[in-house]
Amino acid sequence: MTAIKHALQRDIFTPNDERLLSIVNVCKAGKKKRNCFLCATVTTERPVQVNVVKVKKSDKGDFYKRQTAWALRDLAVVDAKDAIKENPEFDLHFDKVYKWVASSTVEKNTFISCIWKLNQRYLRKKIDFINVSSQLLEESVPSGENQSVAGGDEEAVDEYQELNAREEQDIEIMMEGCEYAISNAEAFAEKLSRELQVLDGANIQSIMASEKQVNILMKLLDEALKEVDQIELKLSSYEEMLQSVKEQMDQISESNHLIHLSNTNNVKLLSEIEFLVNHMDLAKGHIKALQEGDLTSSRGIEACTNAADALLQCMNVALRPGHDMLHAVKQQQQRFSDLREQFARRLASHLNSVFVQQGHDQSSTLAQHSVELTLPNHHPFHRDLLRYAKLMEWLKNTDYGKYEGLTKNYMDYLSRLYEREIKDFFEVAKIKMTGTTREGKKFATLPRKESAVKQETESLHGSSGKLTGSTSSLNKLSVQSSGNRRSQSSSLLDMGNMSASDLDVADRTKFDKIFEQVLSELEPLCLAEQDFISKFFKLQQHQNISGTTTNEVEEVDGGPLTRLHTSGVPQTISSEKDMIRQMMTKIFRCIEPELNNLIALGDKIDSFNSLYMLVKMSHHVWTAQNVDPASFLSTTLGNVLVTVKRNFDKCISNQMKQMDEVKISKKSKVGILPFVAEFEEFAALAESIFKNAERRGDLDKAYIKLIRAVFVSVEKVANESQKTPRDVVMMENFHHIFATLSRLKISCLEAEKKEAKQKYTDHLQSYVIYSLGQPLEKLNHFFEGVEARVAQGIREEEVSYQLAFNKQELRKVIKEYPGKEVKKGLDNLYKKVDKHLCEEENLLQVVWHSMQDEFIRQYKHFEGLIARCYPGSGITMEFTIQDILDYCSSIAQSH
């Protein structure tokens, strides 16, 4: 350790003008042991600075380097951990706590002792040494630079003190006077001893000579004490004389304090009186307005409003502690309460009269609206009542009971008024839709419909179930020939002045306009009333709840009306938005059932009206939700939209059901199935209705369901058909479906369009092959034998050597099919195809052209076999391809 100490002093501290006094080998507590040294150092220059330096060995060599230094004045606590047991751990509290473990307890104790001594000598600051043995801490340290305060090298350094200039001069003088001192030290010592004795004697004589002066000094002190006693006696007499003055001054001071306290109390009393007078005094004009103010004129309403606000301010003034115990304050509060009660009662009575009067004036205008499809305008009524809006707010804040009573009265009366108006309005709408009078008689201009349709329209909950709205239900239809259908159509046209289709278009257009007008009239009515309720009853779209709250629920026509009470007094509605919706529901309770009845009537008149209603209702719901998704109008229209969507789905389901139940005639050809033609009309109508509509997705889903049902029903009818071949039914109907989808360009049915085209093509080919069959039957059987021989391995040029298939036999078969016979067979085939196909689809020429191509293909096949199997024989058919073309063209033109 000594060698390390000298090395550290030489390498680290001497270059920095520092002296190393103590050293301890340590490592950090709780971590991987990497030893370092804590050194206690002092600077050689004054003022002396004491530091604790951390030194560690360099990682790149055996030399040591200075890592961290702390000033001893920054040290707050030295914790030795245990003052009794030996423990190498200790803590030093600088800016933070540093925990160390010494290599030995002795080194730790030596280092702590050195720190304590350095603190005592140089700093004298309060460093707490805790858990340190008292033996390590000395009780006191003698002052003076020559005393030792640190052990070890510090003591050795302090024993040597450098001589100052005066001491050097004295020693030189003494040495000059005693030149022999260097050679004879004993003689020099004896001389010094003699001179010291001389000095001691002189000192003793000086002390003895000063005894007289001491006696004189003591005498003077005694005289001074006597003078002090006399002065104290005089001061005592003065104090007795001033005692009476002091008592008088105390009395004067106390009197002044009482006067000041009285003045202060008077100022405070005046301030309190002024506060009460200024804040609890209601002007006579306000009192007169509250008691007798005119609530019918605008000026009177304004005066009453100002007076009510002033009264509310006086009643809501924040009284200071103790004011409520004053009799005058209690009287004034009671007076205010009486005024409030009196005015609230008068205001409520007047507003109730206004409700009744305005209602009577409004009822007088109902007659002029009963004929037209319009709703009465309530704007003048709202405008007159909005003058009382501030008074309603005052009533809401001061007397919630009367405010709530007015709210109920307004809802009760207005609900009856609106119910009369809305029912009359919907009655007019129903009359315009059905073309009937109020007694239910039809207008003479409308033609009669079939009995089946009439029976369906007589049921409110029934559905016409017809795809076009002009024919009877599909389950009552049978597949009829084109001639029969034409005759049926003629009979229907004879029943009225216009066609059924034209009648349906006119009825639906009229219904669409009426339904749109109904919704267009209802929307502004509801929005205007909701805006009025919000402004008049001060029900803004926010919540304002403070204090301890309790809920009360009151039933209003089956719906809960929730009120919120704060600290026992009704303050505000828990959700004023809900309150508005509840009031609107009470006032317009008849709108939703009337709309549902109108929708049911429209569905009864024509199930396709559900398409118009779905589009119109969806648009109005979308518009209402953009304004306020939670409003009464949005909620009501949304509920009605559900009913409309349900009717739309029911219409689609009924049509699918009727397709499944369709029956076909066994005696006439099928042709284009009614539901296929009617799907075309449905799709055309739906596309015109749902153009740019919000609910386009619903129509696309219905399209998918309907077209799949049409496909299934077509195949079912084709399988059950006895008069018309299955391929003809499939070909004609799928061709019609493909043409319809191509014309309408319905994007969601692209896959079905391709499927319809494929089915049409497949069944056309199948019908052509089946119907054409083998027009040259014997020749066909002959060449089938030839192909069989070739298949067995006989070379084609050797087939003619077969007895049954020689050239002579071939010529015999060819002679049986002259051109005249071929034309006759084709003519019979054309007649047969004409009987199978219907006129509506006009596919006869297409089928005939396909048969011509198939016949030519067979002809070319036969010629090829003759050329390969009978080369050089000169055998040919008795008719050519040109003859076939001429035959087919001639037959088509003749028919």
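Two strands pair if DSSP finds at least two bridges between them. The legends below describe a predicted model.

**View 1. Strands β5 and β6 pair in the antiparallel sense.** The two strands are joined over 3 bridges. D79 of the pairing has D91 as its bridge partner in β6.

**View 2. Strands β6 and β7 form a hairpin.** Between the two strands lie 3 residues. The strands run antiparallel, and 5 bridges join them. D91 stands opposite K99 in β7.

**View 3. Strand β5 pairs with β8 in the parallel sense.** Strand β5 covers residues 77–79. Its pairing with β8 extends over 3 bridges. Here D79 stands opposite I130 in β8.

**View 4. An open sheet is formed by 8 strands.** Their order is β4-β3-β2-β1-β7-β6-β5-β8. The pairing is mixed. At the edges are β4 (64–71) and β8 (128–130), each of which pairs on one side only. From one strand to the next, the twist averages 30°.

**View 5. Helix α1 packs on the sheet.** This helix spans residues 2–13. It touches four named strands: β1 (18–28), β2 (36–43), β3 (50–57) and β4. The direction of α1 makes about 115° with that of β1.

**View 6. Helix α2 lies across strands of the sheet.** Helix α2 takes in residues 105–123. The strands it lies across are β1, β2, β3, β5, β6 (89–93), β7 (97–102) and β8. Relative to β1, helix α2 runs at about 140°.

**View 7. F355 and Y410 form an edge-to-face aromatic pair.** The rings are 5.3 Å apart, centre to centre. Their planes make an angle of 65°. F355 sits in helix α9 (residues 327–363), and Y410 sits in helix α13 (residues 400–434). The pair links distant parts of the chain, 55 residues apart. A search of the whole structure finds 28 aromatic pairs.

**View 8. Helices α19 and α20 pack at an angle of about 155°.** Helix α19 holds residues 609–627, and helix α20 holds residues 632–660. Their axes are 9 Å apart. Angles over 145 degrees count as roughly antiparallel, and α19 and α20 are therefore roughly antiparallel to each other. The crossing of α19 past α20 is left-handed. Residues of α19 in the contact include L611, M613, L614, M617 and V621. On the α20 side, L637, V640, L641, V644 and F648 are among them. By class, the contact residues divide into 13 nonpolar, 7 polar and 1 charged.

Methods
Residues numbered from 1 in each chain as written. Predicted model: local features only at pLDDT ≥ 70, side-chain atom pairs only at ≥ 80, totals over all residues. Heavy atoms only, no water. Axes fitted to C-alpha atoms, helices over the stretch in contact; angles between N-to-C directions. Parallel < 35°, antiparallel > 145°, perpendicular 65-115°, else oblique. Left-handed = near helix turned anticlockwise from the far one by under 90°. Contact = heavy atoms within 4.5 Å. Nonpolar A, V, L, I, M, F, W, Y, C, P; charged D, E, K, R; others polar. Phe/Tyr/Trp six-rings, centres within 6.5 Å; stacked < 30°, edge-to-face > 60°.
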